[in-house]
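Open your viewer and get ready to select residues one stop at a time.

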Amino acid sequence: MTAGRRLSLVPDGAHSPAPERKAGALRVAIATQDMKSLDAHFGSAKRFAVYDVGHDDWKLVEVLDFEDVSDESGEHRTEGDDRITPKVEALKGCHLLFCLAIGGPSAAKVVSAKIHPIKVPQPQSIEDVLSRTRAMLRTAPPPWLRKVLTEAGATDKKPFDDED
């Protein structure tokens, strides 16, 4: 298995393999085939668009591109032919992963990498996903997102007494 390509926006000619996250932002990966929509299963995603999402805006950070992807046939490949680990390695540093579906073993690897997978029932535009994520950050985030925010250092941990 060859590693995927990492396409980053490079300011002033300086390149780093993992761009720094904007303070207070969540790093969000979206499984996509066309760079316009969340329209892919984790295993068959040719690309992951990676954004930093803050309370007021979002910014495209990089695009992870993979050639060797699942065909969604349910057939397992030969022993030692691992298409999942390179994706998980490339996504390290992301906090949320949006996709149409993700299998159990893949989800376990993603969660082990401290990435919270979110399955979305049907394709939708990347802009809609980012808008809803930003809205959750601006309002009262659900408990699972508060935990992700705290672990990401995007918010202060509240004392137990302050929890709902």
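A word you will need throughout: a residue is buried if its relative accessible area is under 20%, exposed if over 50%, and partly exposed in between (1.4 Å probe, protein chains only). Please keep in mind that this is a predicted model, where local features need pLDDT of at least 70, side-chain atom pairs count only at pLDDT 80 or more, and totals for chains, interfaces and linings use all residues. Residues are numbered from 1 along each chain as its sequence is written, and side-chain values use heavy atoms, with hydrogens and water left out.

**Stop 1: the rings**

Select phenylalanine 42 and phenylalanine 48; both are buried. Rings of Phe, Tyr and Trp (its six-membered ring) pair if their centres lie within 6.5 Å; planes under 30 degrees apart count as stacked, over 60 as edge-to-face and the rest as tilted. The structure holds two such aromatic pairs. In the pair of phenylalanine 42 and phenylalanine 48, the centres are 5.7 Å apart and the planes meet at 50 degrees, so this pair is tilted.

Helices (H or I, at least four residues) and strands (E, at least two) are DSSP runs, numbered from the N terminus. Phenylalanine 66 is buried too, with a relative accessible area of 3%.

Next, show lysine 87. Its charged end sits over the ring of phenylalanine 42, 5.6 Å from the centre. A charge sits over a ring if NZ of Lys or CZ of Arg is within 6 Å of the ring centre and within 35 degrees of the ring normal.

**Stop 2: two loops**

Select methionine 35, in the loop between β2 (26-32) and β3 (37-38). Methionine 35 has a positive phi of about 65 degrees, although it is not a glycine. Then move to alanine 45, in the loop between β3 and β4 (47-53). Is alanine 45 buried or exposed? Alanine 45 is buried, with a relative accessible area of 0%.

**Stop 3: helix α3**

Finish by selecting the buried residues of α3: Ile126, Val129, Leu130, Thr133 and Leu137. Seen down the axis of α3, they fall within an arc of 95 degrees (taken from the directions from the helix axis to the C-beta atoms), so they line one face of the helix. On the other side, look for Glu127 and Arg138, which are exposed.
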